[in-house]
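The sequence and the structure come next.

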Amino acid sequence: MTATLRSLETAVPSTVLIQPQVRDVFAEQPGLTRLGQRLVRTSFDQSGIETRYSAVEELSLTSTAENPRFFNPVDRTILSPSTRVRNEIFAEQATPLFIEAARKALDACEGIEATDITHVITVSCTGFFNPGPDYKIVRGLDLNPNVQRSHLGFMGCYAAFPALRTAKAFSEADPDAVVLVVSAELCSLHVRTANDPDTIVGSSLFADGAAAAIVTSRDIPSTKPTIRLDHFETTLTPVGEESMAWNIGDEGFEMVLGTYVPHIIDENIIGALEPLLAHDPSVNGKPYSDITHWGIHPGGRSILDKIEAKLGLTEDQLRPARETLRNYGNMSSATVMFVLKKIMELDAGQESERICSMAFGPGLTVETGLFTKVSPTAASESDATQALSDASV
């Protein structure tokens with residue numbers, strides 16, 4: 001049987017960042033040139049984002065911290081803590097977010113208990129600690145200590161796909177396997193102020209959040225839609241290695257996000273989709289808009305604009321991605337799972353619906369997935385058909 005994503009839940013920290021308010025703070029930082037100020041206002045205003053969430057309470061702009069490390073509310077200056085300070089906060093704040101998302105996914109998964117989990121895969125590129133989040137989840141949810149654990153670190157925005165692909169492989173190799181996949185990113189820990197355009201774009205986009213999914217090949221009845229993980233593919237664009245990168249500096253992790261990235265994606269998106277769609281004759285060679293749902297990682301508004309125009313997609317097909325960007329910002333690897341959750345929650349018809357999903361990251365790496373959203377009705381009919389087939393043998 002093909003592996004199926006049976007539950008998908010999300011979690012965000014409590015501090016809300018209002019985009020226009022954050023814009024004004026960044027625009028008034030000392031040392032910004034007139035051009036830098038103009039770039040800040042343009043980047044924030046054209047981001048397509050209204051709200052984001054942060055695990056750094058000081059960034060609420062109303063903080064009363066006696067010894068601020070990220071933001072001084074007295075003179076409204078953004079501070080520059082060391083990488084060590086930022087990573088210590090990651091270990092402290094990411095752990096509850098990993099556990100919250102995992103617990104919600106487990107509670108929402110019909111027919112699965114904590115004792116059923118056989119594998120845990122965690123994902124993050126915004127911090128490191130050991131024993132890591134995979135260990136913390138096993139302890140926090142009281143899972144079997146013999147659960148097999150894996151962690152995918154420092155891949156960037158596309159990392160949910162290698163995690164789901166690995167979960168699919170585990171599940172299809174062992175029909176009894178139940179895999180818990182959890183991604184949590186605290187991008188706001190690495191916020192900085194500078195005149196550099198890459199830094200400015202990053203400050204206008206990135207946010208914090210977590211998502212968790214349960215994947216298994218077990219045949220379990222469901223009263224809610226599920227997502228069958230049909231095929232995955234990976235490709236590298238011919239150019240762009242220097243256009244998107246994630247480096248470790250003395251004052252946090254440094255994002256390289258060149259302004260040419262949307263153009264690289266625009267020029268290479270069709271080629272990246274070819275090996276994925278070749279798996280299925282029912283979609284290969286057909287108009288892209290024939291695929292019902294598009295789960296696109298919203299790396300930025302301009303990326304979504306380019307994809308919508310290049311593939312001839314409708315406004316509705318990009319709505320889950322645009323709504324995720326507007327309400328949460330870019331949460332690196334967790335973001336595309338927020339988009340897939342929105343697609344799962346859309347009103348389902350009587351038939352199964354195809355999903356084409358993709359995310360982009362350093363390299364430029366393009367990860368793609370072809371999935372099927374299965375409604376409870378469609379799943380029941382499929383089970384009945386299989387039962388009749390078995391009875392006739």
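The crossing of H2 and H6 is right-handed; a crossing counts as right-handed if the near helix is turned clockwise from the far one by less than a right angle, and as left-handed if anticlockwise. The model is predicted, so local features need pLDDT of at least 70 and side-chain atom pairs count only at pLDDT 80 or more, while totals for chains, interfaces and linings use all residues. Residues are numbered from 1 along each chain as its sequence is written, and side-chain values use heavy atoms, with hydrogens and water left out. Helices (H or I, at least four residues) and strands (E, at least two) are DSSP runs numbered from the N terminus.

**Helix packing**

H2 and H6 pack at an angle of about 35°, and their axes are 9 Å apart. Axes here are lines fitted to C-alpha atoms, for helices over the stretch in contact, and angles run from 0 to 180 degrees between N-to-C directions. From H2, the contact (heavy atoms within 4.5 Å) takes in Gly 36, Leu 39, Val 40, Ser 43 and Phe 44, and from H6, Pro 197, Ile 200, Val 201, Ser 203 and Ser 204. By class, the contact of H2 with H6 has six nonpolar, four polar and no charged residues. In this scheme Ala, Val, Leu, Ile, Met, Phe, Trp, Tyr, Cys and Pro are nonpolar, Asp, Glu, Lys and Arg are charged, and the others, Gly among them, are polar.

Helix H7 (residues 261–277) packs on helix H8 (residues 301–311) at about 40°, with axes 9 Å apart. H7 is therefore oblique to H8; angles under 35 degrees count as roughly parallel, over 145 as roughly antiparallel, 65 to 115 as roughly perpendicular and the rest as oblique. The crossing of H7 and H8 is right-handed. H7 contributes Val 261, Pro 262, His 263, Ile 265, Asp 266, Ile 269, Ile 270 and Leu 273 to the contact, and H8 contributes Ser 302, Ile 303, Lys 306, Ile 307, Lys 310 and Leu 311. Nine residues of the contact of H7 with H8 are nonpolar, two are polar and three are charged.

Helix H9 (residues 315–328) and helix H10 (residues 335–345) also have axes 9 Å apart, at an angle of about 125°. These two helices, H9 and H10, are therefore oblique to each other, and their crossing is right-handed. Pro 320, Ala 321, Glu 323, Thr 324 and Tyr 328 of H9 meet Thr 335, Phe 338, Val 339, Lys 342 and Ile 343 of H10. The contact of H9 with H10 holds six nonpolar, two polar and two charged residues.

**Pocket and cavities**

On a 1 Å grid over the protein atoms alone, a cavity is a set of points where a 1.4 Å probe fits but cannot get out; a pocket is an open set with protein on both sides within 12 Å along at least five of seven lines, and lining residues have an atom within 4 Å of a point. Grid points are joined across faces, edges and corners, and a volume is the space filled by probe spheres set on the points. By this rule there are three cavities of 30 Å³ or more.

| Space | Volume | Lining by class |
|---|---|---|
| Second largest pocket | about 450 Å³ | nine nonpolar, ten polar, two charged |
| Largest cavity | about 370 Å³ | 16 nonpolar, six polar, four charged |
| Second largest cavity | about 70 Å³ | seven nonpolar, three polar, no charged |

The second largest pocket, of about 450 Å³, is lined by 21 residues, and those closest to its centre are Ser 43, Val 201, Leu 205, Thr 259 and Ser 302. Helix H2 (34–45), helix H6 (197–205), H7 and H8 each give two or more residues to this lining, and the largest share, five residues, comes from H6.

The largest cavity has 26 lining residues, with His 190, Val 191, Arg 192, Gly 202 and Ser 203 nearest its centre. Helix H1 (19–27), H6 and strand S12 (252–257) are the elements that give two or more residues to the lining of the largest cavity. H6 gives the most here, with four residues.

Around the second largest cavity lie Cys 157, Phe 206, Met 244, Met 255, Leu 257, His 297, Gly 299, Ile 303, Asn 330 and Phe 360.

**Backbone exceptions**

The peptide bond from Asn 130 to Pro 131 is cis, with omega near 5°. Pro 131 sits in the loop between strand S6 (119–124) and helix H4 (133–140). Gly 363 and Leu 364 are also joined by a cis peptide bond, with omega about -10°, and Leu 364 is in the loop between strand S14 (353–361) and strand S15 (365–374). Phe 154 is not a glycine but has a positive phi of about 65°; Phe 154 belongs to the loop between strand S7 (148–153) and helix H5 (160–173).
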